[in-house]
Amino acid sequence: MTAPAPLAITHLTVAYGDKTVLWDITWQATPGLTAIVGPNGAGKSTLLRAALGLIPSIAGDARFFGRKLEEVRNRVGYLPQRASVDWDFPASALDVVCMSRYPRMRWWGRVPKAERDAALGALEQVGLADLADRQIGRLSGGQQQRVFLARALAQDADLYLMDEPFAAVDAATEQAIIAVLRRVVAAGRSVIAVHHDLATVPAYFDHVLLLNGRAVAAGHVKAAFTPDAIARAYGGRLNVLEQAVAEGGLR
Amino acid sequence: MSLGYNTLVVLLGCALLGLACGTVGAFALLRGRALMADAVGHAALPGVVLAAMIVATLGGNPRALPPLLAGALVAGVLGVLAVQALTRGRRIREDAAIAIVLSSFYALGVALLSYVQTMPQAAQAGLGKFILGQAAAMRAEDALWAGGIAAFSVLICLVLFQRLRAACFDPDYARVMGLSVARTDLMLLALIVIVAVAGLQAVGLVLVVALLILPAATARLLTHRLPVLLLVSAFLGALAGALGAAASAFEPEWPTGAAVVLAGAIFFTLALLLAPERGVLPEAWRRTRRRIAATESHFLRAAWEAQEAAGAGPGTAGDRWTPIAALAAARGWSEGHASRLALWLGLRGLLARADGEIHLTPRGAAAARRAVRAHRAVELHLLGLGATDIAGADRLADLVEHGLPAEMATRLLAEPSSLPASPHALGPRS
Amino acid sequence: MTVVDFLRLDLPALLAAILACGLCGLLGSFLVLRRDSLLGDALSHAVLPGIIAGFAITGARAGLPMLLGALAAALLAVFLISLVRRVARLESGAATGAVFTSFFALGLMLIEATGARSVDLDLDCVLFGQLESLVWLEAQGFASLFDPAALASLPRQIFLLAAVSIVVAGLVALLWRPLHLLCFDPDYAAAIGLPARGLELALNLMVAAAAVAAFEAVGSILVVAMLVCPAAAIRLLTDSYRAQVLGGAALGAALGALGYALAGPVPAALGQEFALNAAGVIGTLGGLMVAGAMGLRELRAAFRKPEIISG
């Protein structure tokens with residue numbers, strides 16, 4: 001018997017008020033590095049948030065490693081969309097990373113040394129160990145994003161759901177982040193990331209889910225990321241650049 | 001009691017004041033500045049007290065309104081400036097800044113008030129009225145002042161209507177059009193200060209903010225169009241002001257501010273519950289009706305499809321009775337639920353019942369056919385899109401077919417009057 | 001002034017001021033961090049009809065019914081604020097303003113309608129605070145501080161304040177880290193399985209309890225001032241969570257003591273005839289403290305070398 005998929009979504013339907021955003025999505029993630037791609041308003045973030053139970057769904061459900069989320073919370077990590085947090089907040093980079101381990105600690109007293117070390121290790125992974133004590137508002141945008149990546153990594157999960165990990169970061173940070181993600185996957189874990197740059201999908205990811213309210217195509221990048229599928233996902237809304245990628249297919 | 005000249009003037013003054021608060025409040029609410037009035041109102045207290053102290057020390061009449069209002073105006077402006085200074089560093093957000101200003105200015109006012117009480121010249125006389133408002137204590141002269149200021153601010157609103165509208169609805173567009181939003185905001189703030197100060201004596205500084213928020217919020221529940229919103233807000237403000245003043249005239253002990261605000265709160269509550277589009281009750285009623293209609297059409301469709309599966313059809317030779325149990329199985333309902341639905345539909349004359357079986361009446365058959373058509377139209381459309389598999393289409397169609405306009409079903413189906421075969425087998429659900 | 005005078009007239013008020021201001025200062029940090037400062041404003045006003053209703057139903061100025069009524073009113077207000085936000089699609093400030101002013105107006109009318117005014121629940125207490133009216137007439141000297149019978153005759157507002165302070169301090173310590181995350185990133189807290197909604201409710205309940213307990217002793221407006229001013233002042237000066245929360249509480253308590261002293265005892269000691277309203281002075285000091293912190297921050301920024309942020 002094969003291991004259950006890290007994330008299996010069945011018949012997921014989500015609506016905001018009268019507007020249906022996701023239509024009957026059924027999708028099984030393959031272990032590895034997966035991109036969720038689609039035009040604006042395609043429901044990419046909604047898919048992650050509904051799977052995590054952060055927003056209610058009308059129908060369908062999501063299973064992680066064959067179980068309900070509550071049973072395997074510790075195995076699922078989450079990186080929210082470039083957090084709309086208060087950057088003046090009294091918290092250092094290390095504080096923020098430690099937050100991901102709060103559910104495993106006692107709620108009061110000092111942070112246990114083991115947990116602190118785990119958080120420091122995660123900061124090390126993203127190359128920010130020397131800035132651990134700096135207040136988050138005094139980090140650059142790219143560093144902030146890496147702190148949040150470290151926070152997700154510190155959850156020590158087997159599956160990471162990441163909402164636009166590359167949003168608003170410069171090219172160097174993007175490369176650094178993708179290198180981290182590759183290491184994570186090489187260690188036998190899975191990453192599912194919402195991604196908005198069609199051009200880098202084949203270079204960065206192993207698998208892809210093309211989304212446009214419904215699941216248009218899914219599978220290995222080589223098989224599923226076809227011009228035809230992209231055109232279907234984006235309808236008439238491809239811009240010139242994306243069109244070029246779509247027609248050129250895989251380079 | 002008869003309405004004396006004084007009472008009448010006070011009543012009119014309060015109505016005019018409510019009108020002004022409703023008008024300015026509408027813009028303030030749309031621009032997200034309504035709570036500024038709370039800061040201004042509370043900040044006015046030390047200004048009023050200081051003005052009274054100065055007037056008393058100079059030997060003037062500390063009850064004369066103009067110096068007190070001038071003091072309130074100065075302090076109110078200082079309060080607004082303080083809020084802006086606090087938020088400039090971005091460390092302190094507007095909510096905190098407003099709370100800081102309103103509480104510490106008010107506290108200063110309270111401390112000054114306690115000092116004034118030790119002064120010999122009865123300077124404190126009547127100052128307490130500014131806190132909760134007491135229209136009964138207003139003289140015609142005071143009402144004229146308040147009414148005059150209110151009328152002035154309404155006039156300004158009318159003159160600035162286009163600019164205010166642009167700033168409220170689409171600040172970016174206004175900027176592109178070359179209208180300075182910052183300047184418009186400043187004028188709006190000035191208007192807020194003016195009406196809040198004008199309202200002090202009648203409504204009181206603690207509650208004057210409510211007279212800016214409640215009528216405007218009520219109007220927003222009732223309409224989306226700005227001119228209508230303004231009219232409704234102004235009218236409700238005037239009504240609340242007049243009612244409060246009237247209450248104060250009959251029961252001089254009642255704090256007028258509370259009466260005015262309660263009137264506004266009642267309007268708002270009614271709108272919250274009953275507003276045709278957004279109200280809680282109409283919305284619940286619509287939802288219930290949709291749910292009932294959906295359940296009805298699911299039942300009727302099951303009845304139709306049960307016939308269809310048996311190769312018969314309503315109105316044909318093979319027309320026959322269907323056990324309720326079979327319908328319950330087809331929908332995955334409990335039999336009790338299905339029986340209750342059958343009873344209800346029987347009462348509506350859509351089917352006949354006997355011995356646990358049902359039979360569609362002609363009217364019921366027509367309704368059932370419409371339901372089947374809508375369901376299959378959606379189902380086939382979804383399948384045609386490649387959106388989902390057959391079972392998924394069935395489930396989705398169950399969710400969205402209701403409320404599908406007739407012309408939509410016609411557009412989705414190639415043959416206007418045809419009834420396509422179901423894409424899936426009919427029978428009990430797994 | 002004799003020791004007995006101090007114990008009889010000043011100690012109870014001083015204790016109440018310190019407890020109320022410390023309690024509000026402690027919780028204020030969470031409100032400021034959550035950008036929800038107006039909740040303090042809302043709750044401290046919204047409890048009024050609950051207090052009056054509790055008074056009207058039992059007909060006595062007993063502690064418990066009024067406390068329960070106030071808590072019920074506070075919870076109802078929180079619920080209504082979220083309902084109004086959703087249904088009327090108002091931004092949270094306006095929704096808050098619409099609800100709490102209505103509650104407060106209702107409370108004012110209830111005071112008239114139920115005759116509460118004629119007993120001793122008067123408006124002045126609501127509007128100005130009545131710290132000065134807290135007295136301990138049984139005090140005979142320092143020995144009274146260790147005499148249970150005499151201590152039991154301290155004004156009951158002090159017992160209520162002390163009880164709420166202990167419970168709230170315990171809860172804050174117990175929920176130390178979850179509250180940190182809740183203030184920073186509530187969505188993420190929910191995503192990793194912390195009971196975010198429960199925590200939010202606990203926080204609201206704590207603020208409501210603090211507002212109720214402090215309300216009677218210091219008046220509604222001082223509750224607002226102490227829920228925001230100390231926390232905001234500390235907010236300008238530190239980037240540490242621990243310093244923020246503990247500093248807010250300490251600054252609140254210090255302001256309470258200092259303000260009380262400046263209002264009555266200090267002018268008296270200087271031979272002045274007047275005494276100021278203590279709640280008013282404390283609140284004014286709160287505002288000045290924020291202004292001072294702001295100045296200090298500017299000063300620090302001017303002297304610090306610019307920090308280089310590297311990409």
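**Notebook: a walk through chains A, B and C**

I began with chain A, where three strands form an open sheet in the order 2-1-4, with antiparallel pairing. I count two strands as paired if DSSP finds at least two bridges between them. Helices (H or I, at least four residues) and strands (E, at least two) are DSSP runs, numbered from the N terminus. Strand 2 (19-28) and strand 4 (59-64) of chain A are the edge strands, since each pairs on one side only. From one strand to the next, the twist averages 20°.

A note to myself on the ground rules: this is a predicted model, in which local features need pLDDT of at least 70 and side-chain atom pairs count only at pLDDT 80 or more, while totals for chains, interfaces and linings use all residues. Residues are numbered from 1 along each chain as its sequence is written, and chains are lettered from A and ligands numbered from 1 in the order in which they are written.

**Chain A, continued**

I then looked at how strand 1 (residues 7-16) of chain A meets strand 4 of chain A: they pair in the antiparallel sense over five bridges. Opposite A:Ile9 I found A:Ala62 in strand 4 of chain A.

Another pair is strand 5 (residues 76-79) and strand 6 (residues 159-163) of chain A, which run parallel over four bridges. There, A:Val76 has A:Leu159 of strand 6 as its bridge partner. Are the faces of strand 5 of chain A covered or open? Both are covered: A:Val76 and A:Tyr78 on one side, and A:Gly77 and A:Leu79 on the other, are all buried. Buried means that 20 or more other C-beta atoms lie within 10 Å of a residue's own, exposed means 12 or fewer, and partly exposed is in between, with C-beta atoms placed from the backbone.

A:Glu164 sits in the loop between strand 6 and helix 5 (171-186) of chain A, and it counts as buried because it has 21 C-beta neighbours inside 10 Å.

In chain C, C:Arg35 also has a positive phi, of about 55°, although it is not a glycine. C:Arg35 lies in the loop between helix 1 (3-33) and helix 2 (38-58) of chain C. With 15 C-beta neighbours inside 10 Å, C:Arg35 counts as partly exposed.

Chain B has 19 helices and three strands, and 51% of its 430 residues count as buried. I looked up helix 3 (residues 65-88) and helix 4 of chain B, which pack at an angle of about 145° with axes 9 Å apart. Axes are lines fitted to C-alpha atoms, for helices over the stretch in contact, and angles run from 0 to 180 degrees between N-to-C directions. Residues making this contact include B:Ala75 and B:Gly79 of helix 3 and B:Ile98 and B:Phe105 of helix 4 of chain B.

Next came the meeting of chains B and C: 45 residues from chain B and 48 residues from chain C take part. Two residues are in contact if their C-beta atoms, placed from the backbone, lie within 7 Å. Which element gives the largest share of the side of chain B that touches chain C? Helix 4 of chain B does, with 14 residues.

**Confidence**

Last, I checked the scores: ipTM is 0.91 and pTM is 0.84.
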